[in-house]
Structures are given as C-alpha cells and as structure tokens.
Amino acid sequence: QEGDRPDRNSLARNLLTAQLNPSHQKEREPISPSREEAGSDGQPSILRVGLVHWPATVGWLELVTPKALAGLPEQGYFLQTLTQILAGVIDRDRATSYQTNQISVIEEILAQMADGTNLAQTLNHLCLLMERQLPEAYCSILLVDSDQKCLRSGAAPSLPPDYAAGLDGLLIGPCAGSCGTAAYRGEAVFVKDVSTHPLWVSFRDFAQSHGIQSCWSQPFKDRDGQVLGTFAITHRYPCAPTNGDRLALNLATHLASVATMSHRDRTRLESARDQATQEASAKTRALEEREAALVDLQQAQTRLMEAQKLSSLGQLLAGVGHEMNNPLHCIAGNIKPAQAYLAVLETAIDLYGSACPELPAEVADHLAEIDVDFTRQDFAKLLQSIALSAHRLTDIAQSLRNLVRVDTDEPVALSLIHI
C-alpha cells in the first residue's frame, strides 16, 4: 500500500465479503465500478458491482472496504476485469449445471410419455422442471390452433391464473407479443423489457398489471418444420437471457416438440385403431346380417318347396277324392235298390215255398246245400255293411276335398279322424 492508494493486493485483502446473489435480482440495479457508498464516522465503505455477461446480468459483487476507495482508473480497470471473470465463471457454471440437470429432465418427461400421461400433464410437468432450473422464472407453453390461427393454453403452472387465461386465444402475427410473434416468425423472440418493446404495445398494460416485465419465447416445431407451439420464460423484472437460459430454452422446446408430436401420433393411431375397430364391427354386422338373410332365404325356399309339395299332394288328393266320389255315389245309390230287390226275392221265395211244399229233389238238395235262411240273413247284413262302408268312404272323400280346397279363404273345419 502506497500512502492512501491501495494496490490490487491490499484491495484483495480488504475484500471482506463477495456475495454472488441469484441472477436477475430486481431490487439491486447494477452500478458503475467507480460508484461507492462511503461510510460515515469511520464505517466501512460498500461497493456493489453488477456481474454482466452480455447481454444479461448474471449476479452481483459486493465489496466492503475499511474506507472509501479513491476511484482511480486502475481500480476501475481491475474491478471491470474481476467482474468479467466472475460473470464468465458464473455463466459457464450455470451452463454446466443446465447440461448436467437436463438428463434428469429428459428422463422424467420421457418416462411420462412412456406411461401414456396425457399431453396437458406432461407439458405442465415440463414447465415445473424448467422452473427448478431457472429461479424466479415462470414457464408456460402455448399450442398452435391451426384452424383458428391462434395460440391455445397448453401449460402455465406458476403464472397468475388471470394472465394465463388471457393468453388463451392469442392471435399469431408479426406484432403479437413474444409468443404470437415467435409463432409467426418461426424463431425465438427475446424481449428484455415489455414496457419499452414495440412487440408488446398492445399487451403492455395487461402484462404489467400482472407483474410481467420480461418475456422470452421460442417456438417448437414438428418433423416438417411446422410450428406446434411456443415455450415462454417470463420474469417480474426486466432481464435478458444468459447462455444457460438459452440452453434451457432449447431443451424445453425440444422436449415440448417431442411430447406434442408423440401425443399427436398416439392420437392419430388411436383414431385409426378406433376407425378400424368400427369398420371391422360394421363388416361383422354386415356379414351377420348377410348370414341371417341367407338363413331366412333358405328357410323361405324350404317353406316354398314344402308348399309346392303340399300343393302337389293336395292336387293328388283332390284327384283321388274326385275319382273316389263317382264309384262311391254309384255304390251308395244302389244300396237301397239292392235291399228292395232282396226283399222282393225273399217274398217270392216265401210264396213259392207256400205254394209248392213238395219241391223237386234237385231243388230241395240245392236249397239244403246253400242254407237259404242263413244266406238271406247274411246277404241283408252284407248290404248293410256295404252301405256303411260307402258312407265312410264318402266322408273321407269329403275330408280330402276340404283339406285341399282352394275355392275359399275362410277357415274350414276338418276332422282328422277320417284321414
């Protein structure tokens, strides 16, 4: 130390605290290395220096010295070099941390996809995982609605509910905030301060009413390069992304793309499977209907053949009945004349026997041989049996005609006893 001017070694020895605060601290604005807050009454001097790794502030360096620094140029050069080194170290450390943690993030998202978790839950979980890697950041996902040419809410687990609801239906265009513009351009849009950026003119008041001050948005695409949606990182204070932030954003958009394409492919597969199942069911029903129709046709053909057989049988029976009817009428009609003739013959025989009691020997022998009394009695019974049989056959013929008659549609009584 030469007089009151501390050299670099004494400055290092006088460094009481060097606090590296989390990145993007809103309450501590960066100040020039030459700016200091001198203590009074011999109190230590406190100097706060922003650690800037362009274009973002990655942390803060707080220097405490026993007394105010003289503010010489070489001190400013030293602090500038020191802050640049620290900022580079912090940025590289965070980039390494992102690369290390991205494996666990990938594994968790792929595990959910393998388990068949629905897209909304997968995207929501992805946002939460990325928020663990990005302190004080809010992650959200919007999905492209190709029919309405707008963005629909996909996931926003930590955003204010009213703000997240207001993003649903965001139009895609050249000046539609970070997400709408990113989807329109097909490339990342980084807005450090929404209060001054021209892309947020129409949405500035809405965003600031919910405490949103910065928004970085990057689109994710399908295999054909079509935009599927956007992944956004927002903060409650103005800030620009670091290299680590960009790495995290690249990882998030890649995983969101894979999850969305997987969901879309699975939905198409399930739809195709359902359609194939419906078509198979329809074909099965059509086949069953054809088989049933074939069975009905076969039964109809069988009934037709049976009807034809019955018709032929009926015609045969009708012919038989008709043919039976003529001789039966002849027989039935001659029974009574035969009985009358028999009575006449019996009377003549009785008269002849009374008039000629002494019969010639030849006649007497013949009468004795034929037993006239038995023959007379049996012949009468025979005619009576013939009459009964003729009557029975007449009834049968009538029943056959009734069975096959086609001259009426009205039911006809039929006794099966005589058939």
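**Entry 1: the β7-β8 pair**

I began with strands β7 and β8, which run antiparallel and are joined by 8 bridges; two strands pair if DSSP finds at least two bridges between them, and a strand is a DSSP run of E of at least two residues, numbered from the N terminus, while a helix is a run of H or I of at least four residues. In this pair, Pro 219 stands opposite Thr 230 in β8. The two strands form a hairpin with 5 residues between them, and I noted that Gly 225 in the turn has a positive phi of about 85°.

**Entry 2: what kind of model this is**

I have to keep in mind that this is a predicted model, in which local features need pLDDT of at least 70 and side-chain atom pairs count only at pLDDT 80 or more, whereas totals for chains, interfaces and linings use all residues. Residues are numbered from 1 along each chain as its sequence is written, and side-chain values use heavy atoms, with hydrogens and water left out. The pLDDT, the predictor's confidence in each residue from 0 to 100, has a mean of 79 over the chain, and 75% of the residues reach 70 or more. Over residues 1-40 the pLDDT is below 50, although this stretch has 81 contacts in the model beyond near neighbours in sequence; contact means heavy atoms within 4.5 Å.

Is Ser 217 buried or exposed? I found that Ser 217 counts as buried because its relative accessibility is 0%, where buried means under 20% relative accessible area, exposed over 50%, and partly exposed in between, with a 1.4 Å probe and protein chains only. Ser 217 belongs to strand β7 (residues 214-221), and 7 of the 8 residues of β7 are buried. Leaving aside neighbours within four places in sequence, Ser 217 has contacts that include Ser 178, Cys 179, Thr 230 and Phe 231.

**Entry 3: the whole sheet**

In which order do the 6 strands of the open sheet lie? I read the order as β5-β4-β3-β8-β7-β6, with antiparallel pairing. The strands β5 (170-171) and β6 (189-191) stand at the edges with a single partner strand each, so one side of each is left without a neighbour in the sheet.

Strand β3 is joined to β8 by 6 bridges, with Cys 139 opposite Ile 233 in β8, and to β4 by 5 bridges, with Asp 145 opposite Cys 150 in β4.

**Entry 4: helix α3**

Helix α3 (residues 119-133) lies across β3 (138-145), β4 and β8 (227-235), and runs at about 150° to β3. Two packed helices are described by the angle between their axes and the distance between the axes. The axes of α3 and helix α7 (residues 243-355) come within 10 Å and cross at roughly 170°; axes are lines fitted to C-alpha atoms, for helices over the stretch in contact, and angles run from 0 to 180 degrees between N-to-C directions. The two helices are therefore roughly antiparallel, a description that covers angles over 145 degrees. Among the residues making the contact are Leu 119, Leu 123 and Met 130 of α3, and Ala 252, Leu 255 and His 263 of α7.

Note on methods
Angles under 35 degrees count as roughly parallel, over 145 as roughly antiparallel, 65 to 115 as roughly perpendicular and the rest as oblique.
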